[in-house]
Amino acid sequence: MGRALEVAEKEQARHVPPPVVIDTTRQPIVVVDDLHIKYKVYGTVREKGTGASALGRILRGRSRPQMTEIHAVRGVSFVAYKGDAIGVIGTNGSGKSTLLKAVAGLLPPAAGGVYTDGQPSLLGVGAALMRDLTGERNIILGCLAMGLTPEETKEKYPEIVQFAGLRKGFIKYPMSTYSSGMGARLRFAIASARTHDVLLIDEALATGDAKFRRRSKRKIEQMRKNAGAVFLVAHQLDVVAETCNRVLWLDEGQIVMDGSPEEVIAAYTEAINK
Amino acid sequence: MRGFGCNRLCAMSHPERPASGPTGSLTAPPASQGKSGESLTAFAARHGLTQSAARPSLGLYLTRLWGRRHFIWMFASSKSKAMYTSSRLGQLWQVLTPILNAGVYFLIFGLLLGAKEGIPDYVPWLVTGVFLFSFTQRSVTSGAKSVGTNLSLIRALHFPRATLPLAYTVVEFQQAMVALAVLFAIVMAFGVMPALTWLLIIPIVALQLLFNMGIGLIVARLGAFTRDISQLIPFITRTWLYASGVIFSVASLHDRSDFIKENPWISDVLEINPGYVYIELARQALLPPYVAQTDPQVAATNPGTLWAYAVVWAVVVLVGGFYWFYRAEERYGRG
């Protein structure tokens, strides 16, 4: 397994990402310099999970196989400027979400650095919510988790309920009774209740019906005007093309292409249809 | 320097960065070249950008943590609420669990093994010990998992990570409040009349809460980087339970065990241990007959010393635990 990985890494290394071109006429807001992100995953065991094999492994001085280290981002560099709306595309597992989390400062870099003006925030409050509790309580919990004060929460509450557009009465039911679309709408509504310096959106638009998608697109547009820059991870290329002025194409944790939406999306579409 | 201090892989992938040439550049913003030879790190620094994964200063961290107090309380009460939603008796389990626990110990140790000899009002004495100790025990158990089970939250939002272990201790605190109400009822049911000294339970539990927060922070950091800790914790807390005079009085161990007779320092150590200190204080406050009827020779350390230990343990463990947890703040996301 070790050898296979090494070979794979060598093949990775052969790929040369496009060099970073600095535009001195614009104000940078996010600078990512040769960023590497590794994280550990528990529970993916290749060997037989018996006590005997574990003992043998420990005696032989090998590290735990249950803990696989994933090198998710491998030397990414780019500069984002004020007013940019950057789409990040790539196949599943290409490191898009990891990159976003690193820009947000939520995953510590293994090497390299992320430099930002202001605090980038991920539009992802879902993790703070609890399925067994009512929508009502989750709105309050989510707002407090994002760092709003109780007063601000009270003030935003009606707006969130209205934007989520849940069917009557559902706000008093536990979130576990919601359909996936309803849940996603509520999460997006809560998350967008705050203003952000740099906004990172990860697949927020993937769920929800056409009507909600239109509404959330408007909301993103509005947030983009208030924020310094917006990053959008999405699999729907039409959404990226409509919302972004620049696109990063990521593959195996490295940048393949960085350019205008038309250019990059065309190349990407061609590559995945091959 | 940081941008260049990278590993083998990145050195191979773009050796001449950042002196970028037009060859192979797919970016075409109307760009002029950056100052040649300037690294991205220097470029970022020149524009006043700061590293986003950096750990804030201790003062700023404390301020932010204080700003999250409402979240801590809301998170804790939501957790308590969600904990029993799937069971039929629901919140009633908050009361039933400690009672059943005490019942088991009474059955085994009080009746079968005769631990109650020499202790007046054994049931209230035992229940006080079990309830107070389980507050600490549960804080340790849940604290060790507080970072690991919330990795997705850590990877999604910015907040001082100490929020999590603290919130879990607050969950246990809320449960302990319910248990205390039950405790008062049990103590009265066994014929102990409420006295003014009962009010002392407030500072005692408050100090215990501070201590639990501290130890919760310590095990949270241990558990975040070494998951195996949570497998070990049940054994550690069980040993601690027996060593803290929850079921047998520490003083009576002196008579029972030849080993302790030969090594009297052991019982001194047991009487300094925080598990014992908070329980003993609570017993003395709640059960005046216990204090009155216990032979002063066998009786424990004098109350003044106990209070001093209680305060020192609370302050030292909380301050030390907090600082130690804070030191790894930026690394918790890696799991």
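1. Which residues in H4(A) meet which residues in H5(A)? Glu136(A), Ile139(A), Ile140(A), Cys143(A) and Leu144(A) of H4(A) are in contact (heavy atoms within 4.5 Å) with Pro150(A), Thr153(A), Tyr157(A), Ile160(A) and Val161(A) of H5(A). By class, this contact comprises 8 nonpolar, 1 polar and 1 charged residues.

2. The model is predicted: local features need pLDDT of at least 70, side-chain atom pairs count only at pLDDT 80 or more, and totals for chains, interfaces and linings use all residues. Residues are numbered from 1 along each chain as its sequence is written, chains are lettered from A and ligands numbered from 1 in the order in which they are written, and side-chain values use heavy atoms, with hydrogens and water left out.

3. H4 (residues 135-145) and H5 (residues 150-164), both of chain A, pack at an angle of about 130°, and their axes lie 10 Å apart. H4(A) is therefore oblique to H5(A), and their crossing is right-handed.

4. The largest pocket holds about 810 Å³ of space. Its lining counts 39 residues, and Gln119(A), Arg64(B), His158(B), Phe159(B) and Pro160(B) lie nearest the centre. The lining divides into 17 nonpolar, 15 polar and 7 charged residues.

5. Which elements give two or more residues to this lining? They are strand E5 (120-122) of chain A, and strand E1 (50-51) and helix H3 (58-67) of chain B. H3(B) gives the most, with 4 residues.

Definitions and conventions: Axes are lines fitted to C-alpha atoms, for helices over the stretch in contact, and angles run from 0 to 180 degrees between N-to-C directions. Angles under 35 degrees count as roughly parallel, over 145 as roughly antiparallel, 65 to 115 as roughly perpendicular and the rest as oblique. A crossing is left-handed if the near helix is turned anticlockwise from the far one by less than a right angle, and right-handed if clockwise. Ala, Val, Leu, Ile, Met, Phe, Trp, Tyr, Cys and Pro count as nonpolar, Asp, Glu, Lys and Arg as charged, and the others, Gly among them, as polar. On a 1 Å grid over the protein atoms alone, a cavity is a set of points where a 1.4 Å probe fits but cannot get out, and a pocket is an open set with protein on both sides within 12 Å along at least five of seven lines; lining residues have an atom within 4 Å of a point. Grid points are joined across faces, edges and corners, and a volume is the space filled by probe spheres set on the points.
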